[in-house]
Amino acid sequence: MELVKAVDALWQRGWLPYDLREIVSRSLDESASSLVVDVIALSCSPHAEATVHPRWQRQLDEIGASVWWEGPLIEAWATRHIETLSYANRTAAELLKFLGRLPSLPHILPLPGDVLTFAVRAGLDPKVLNRVRGLLAKAESTAFPEEAEALSAKAQELMNRHALERAMLDADLPAEATSRRMWLDKSYFKEKAQLVHVVAEAFRSRAVAYDAFGFIALVGDEVDLESVELLSTSLLVQATRAMVAIGGPAGKGSEARSRPFRKAFLVAYASRIGERLEAMTAVPVSPDDPIVSDERLLPVLADRKQAVDTLFEQMFTRTRTSRVTVRSAAGWGAGRAAADRADIGTGRSAVTSG
């Protein structure tokens, strides 16, 4: 099947299952988005689970890619969606043409079918991850800024502490870096990317924005990148909610509902969050802390940084600094105030998975 060959070729060019589903859903219609998920499932189905990287498998599960049909895909797809065969063929042809135009991306995971001859580094401890997700979910849903501040601060403390503890547990292993892609809404993409960038820096990671597609490429340690995704996602939800709340009472056509205001708001929000995260790292710590007092910590973190920088330079040989223009003083002030309410705490209580 030509579509399967096209998808197989995209795996060779660095694309991942979630990337394909996302770029198709943003560029074509719902029919093409549905069909590409089935093609992805068909492409990956011949490979034994032991030869599929866990992150690749999680992406297949997330987009719902599974072989649910028997016989030829196009006929089964048309029947399931109550469409004519001619419509299904037109959708397939349009999708095939679109996939053939996609450029190459850096490889970040082994392809399905490759025998995994290396140990896959674990991410956040599942119990810690559940606690963090619970805290961030509450922070996003509460109507009280002070409560959201406290919940976000606690989540950040848990993630950062767990990352340092894991760094010490892995101190005798070679430093490794990996990469992930974080897709954002294309509305105000550049401004939202600024927030992801400052969070990535706080978690010892680096970020590159793919403006044309709508995703951020992150490079860092596995645990740190999970933390970047979780905290960035939550802060974006909180920032958007605060921005909309300011514009809600304002009348139609007011500055608080304008694009310049909202762009300035998001840039200021990211700037202030970055300042607070940077200040947090400068807070003195107790010499009695068993983690920070361990003489191996600084060399371990230095090795991690070197691994991150090396992988980043291998993946991205040409990058440029992105700039955004702020044209609303009111939006800037409102954004910094909202970032203050989404304060990031500096507590350092121990994290356990018990």
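Q: Before we start, what counts as a pocket, and what are lining residues?
A: A pocket is an open set of grid points with protein on both sides within 12 Å along at least five of seven lines. Lining residues have an atom within 4 Å of a point. Keep in mind that this is a predicted model.

Q: OK. Which residues lie nearest the centre of the second largest pocket?
A: His197, Ala207, Val208, Ala209 and Arg320.

Q: Is α9 largely enclosed or largely open?
A: Largely enclosed by the rest of the structure, because 10 of its 14 residues are buried.

Q: Which ones are buried in α9?
A: Phe189, Glu191, Lys192, Ala193, Leu195, Val196, Val198, Val199, Ala200 and Ala202. Note that Glu191 and Lys192 are on that list.

Q: What happens to phi just after α9?
A: Arg204 takes a positive phi there, about 60°. Most residues other than glycine have a negative phi.

Q: What about Tyr188, then? Where is it found, and what is its phi?
A: Tyr188 is in the loop between β1 and α9. Its phi is positive too, near 60°.

Q: Is Tyr188 buried or exposed?
A: Buried. Its relative accessible area is 10%, and the cut-off for buried is under 20%.

Q: How about Ile82, buried or exposed?
A: Exposed, with a relative accessible area of 77%. Ile82 sits in the loop between α5 (73–80) and α6 (85–100). Its phi is positive, about 55°, although it is not a glycine.

Q: New topic: α4. Which residues are buried there?
A: Arg55, Trp56, Gln59, Leu60 and Ile63, in a helix that runs over residues 54–63.

Q: How do they sit around the axis of α4?
A: They fall within an arc of 145°, so they line one face of the helix. An α-helix has 3.6 residues a turn, so residues three or four places apart point the same way.

Q: Which residue follows α4?
A: Gly64. Its phi is positive, near 75°.

Q: Now Lys138. Where is its place?
A: In helix α7, residues 126–141. Lys138 counts as exposed, because its relative accessibility is 52% and the cut-off is over 50%.

Q: How far apart are Lys138 and Leu151?
A: They are 13 residues apart in sequence and 7.1 Å apart in space, C-alpha to C-alpha.

Q: Last one, the whole chain. How many helices and strands are there?
A: The protein chain has 13 helices and 3 strands. Of its 354 residues, 49% are buried. Among contacts with a separation of 6 or more, 79% join residues 24 or more positions apart.

Notes. Residues are numbered from 1 along each chain as its sequence is written. This is a predicted model: local features need pLDDT of at least 70, side-chain atom pairs count only at pLDDT 80 or more; totals for chains, interfaces and linings use all residues. Side-chain values use heavy atoms; hydrogens and water are left out. On a 1 Å grid over the protein atoms alone, a cavity is a set of points where a 1.4 Å probe fits but cannot get out, and a pocket is an open set with protein on both sides within 12 Å along at least five of seven lines; lining residues have an atom within 4 Å of a point. Buried means under 20% relative accessible area, exposed over 50%, partly exposed in between (1.4 Å probe, protein chains only). Helices (H or I, at least four residues) and strands (E, at least two) are DSSP runs, numbered from the N terminus. The arc is that of the directions from the helix axis to the C-beta atoms. Contact means heavy atoms within 4.5 Å.
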